[in-house]
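Dear colleague,

I am passing on the structure below, together with some notes on what was found in it. Please read them with the coordinates open.

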Amino acid sequence: MLELVDLSKKYKNTYAVKNMNMFIEKGEIVGMLGPNGAGKSTTISMLSSLVEPTNGDVLLLNKSILKNPSPLRKIVGIVPQEIALYSELTAEENLQFFGRIYRLKGKKLQQKIDEVLEQIGLSDRRKDIVSKFSGGMKRRLNIGVAMLHNPEILIMDEPTVGIDPQSRNYILETVKRLNKEKQMTVLYTSHYMEEVEYLCDRIYIMDQGSLIASGSKDEIKSILSSEKTIVMKVNRMDPTFIQLLKDNPVINQVITSEKEITIIVPKEVNLFSKLIKMAEEQNLEISSVDVKVPTLEDVFLHLTGRALRD
Ligand SMILES: Nc1ncnc2c1ncn2[C@@H]1O[C@H](COP(=O)(O)OP(=O)(O)OP(=O)(O)O)[C@@H](O)[C@H]1O
């Protein structure tokens with residue numbers, strides 16, 4: 001129903017988004033996964049006609065919405081990354097204010113407010129002032145505002161950043177429930193791969209403005225089906241040891257973090273005894289070695305050589 005075609009945004013000499021192609025079908029939860037600065041917010045801003053694309057198009061039911069965004073505005077609810085609420089008003093007053101912007105009033109507005117408060121689990125806090133809310137409650141109310149006009153599509157820009165685990169779970173469950181019970185179509189952006197893995201039917205992975213992989217979870221993970229990931233914990237990071245790993249012709253990729261060394265090798269390669277011997281020769285202590293089934297994080301590592309959270 002919604003399609004991005006070669007959508008790009010260039011600021012001076014750099015592309016924030018380059019040739020983004022994406023489609024979202026009715027009733028799907030689609031994930032947009034990428035680290036900070038990948039171009040997720042810029043893509044959403046172009047979808048919400050807040051930012052004009054440098055080139056490309058956005059199609060709603062095969063019609064461009066760049067010149068006439070009102071058909072999309074009517075059916076889309078945007079949950080921005082920043083909290084957009086009046087902190088001196090109560091939860092209910094905020095919903096009344098934003099509801100009037102959507103031209104809702106009277107009984108219809110009140111009914112919708114009751115329904116939304118129920119959906120975001122804030123019915124019993126409706127009379128409380130937003131400045132007294134926790135970060136998670138503010139985010140939930142932010143989502144409630146986007147749902148007031150009964151949108152068919154909910155676009156959520158990193159809705160769980162910086163909140164407690166309980167609120168995060170609540171938001172994830174709310175998204176699942178809205179999708180299941182109301183067939184709400186959702187575009188969910190995040191840099192937490194486990195959220196996207198849990199929620200989404202199909203996933204687009206972005207990095208540095210470009211799409212680097214897309215497909216169903218299984219399709220994306222199958223990029224690594226011929227490889228396996230070995231995660232090794234050592235007592236210290238030894239540059240010689242890491243160089244030896246990088247020079248080893250059977251190892252496809254070596255990625256280091258503060259405490260771990262991640263090695264990607266072809267599935268059939270058995271490297272255990274060799275790794276232990278190499279570590280011994282460098283006087284290194286290995287505290288654990290794990291072989292992992294590929295996750296989306298591994299796919300990202302494989303495609304970019306960097307961790308998703310960098
Ligand atoms: N108005 C602007 N002018 C110049 N550069 C911009 C502007 N807006 C975004 N950028 C740049 O475009 C790139 C993509 O930013 P964007 O905010 O879309 O990424 P993101 O994936 O949403 O990351 P985050 O989660 O940190 O918001 C970044 O390098 C950013 O600095």
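Helix H3 (residues 91–101) packs with helix H5 (residues 135–147) at an angle of about 30 degrees, their axes lying 9 Å apart, and since angles under 35 degrees count as roughly parallel, H3 is therefore roughly parallel to H5. Please bear in mind that this is a predicted model. The crossing of H3 and H5 is right-handed, and the contact is made by Ala91, Asn94, Leu95 and Phe98 on the side of H3 and by Leu141, Gly144 and Val145 on the side of H5. By class, the residues of this contact are five nonpolar and two polar, with no charged residue.

H5 also packs with helix H6 (residues 165–182), here at an angle of about 20 degrees and again with the axes 9 Å apart, so that H5 is roughly parallel to H6. The crossing of H5 and H6 is right-handed. From H5, the residues Gly136, Arg139, Arg140 and Ile143 meet Gln166, Ser167, Tyr170, Ile171 and Thr174 of H6, and this contact divides into three nonpolar, four polar and two charged residues.

H3 has a further partner in helix H4 (residues 106–119), where the two axes come within 10 Å and cross at roughly 130 degrees, and H3 and H4 are therefore oblique to each other. The crossing in which H3 passes H4 is right-handed. In this contact Ala91, Glu92, Leu95, Gln96 and Gly99 of H3 meet Leu109, Lys112, Ile113, Val116 and Leu117 of H4, which gives six nonpolar, two polar and two charged residues.

As for the overall arrangement, the protein chain is divided into domain 1 (2–221) and domain 2 (226–293), and the centres of the two domains, taken over C-alpha atoms, are separated by 40 Å.

Key: Residues numbered from 1 in each chain as written. Predicted model: local features only at pLDDT ≥ 70, side-chain atom pairs only at ≥ 80, totals over all residues. Axes fitted to C-alpha atoms, helices over the stretch in contact; angles between N-to-C directions. Helix = DSSP H or I, 4+ residues; strand = E, 2+ residues; numbered from the N terminus. Parallel < 35°, antiparallel > 145°, perpendicular 65-115°, else oblique. Left-handed = near helix turned anticlockwise from the far one by under 90°. Contact = placed C-beta atoms within 7 Å. Nonpolar A, V, L, I, M, F, W, Y, C, P; charged D, E, K, R; others polar. Domains from an automatic or database assignment.
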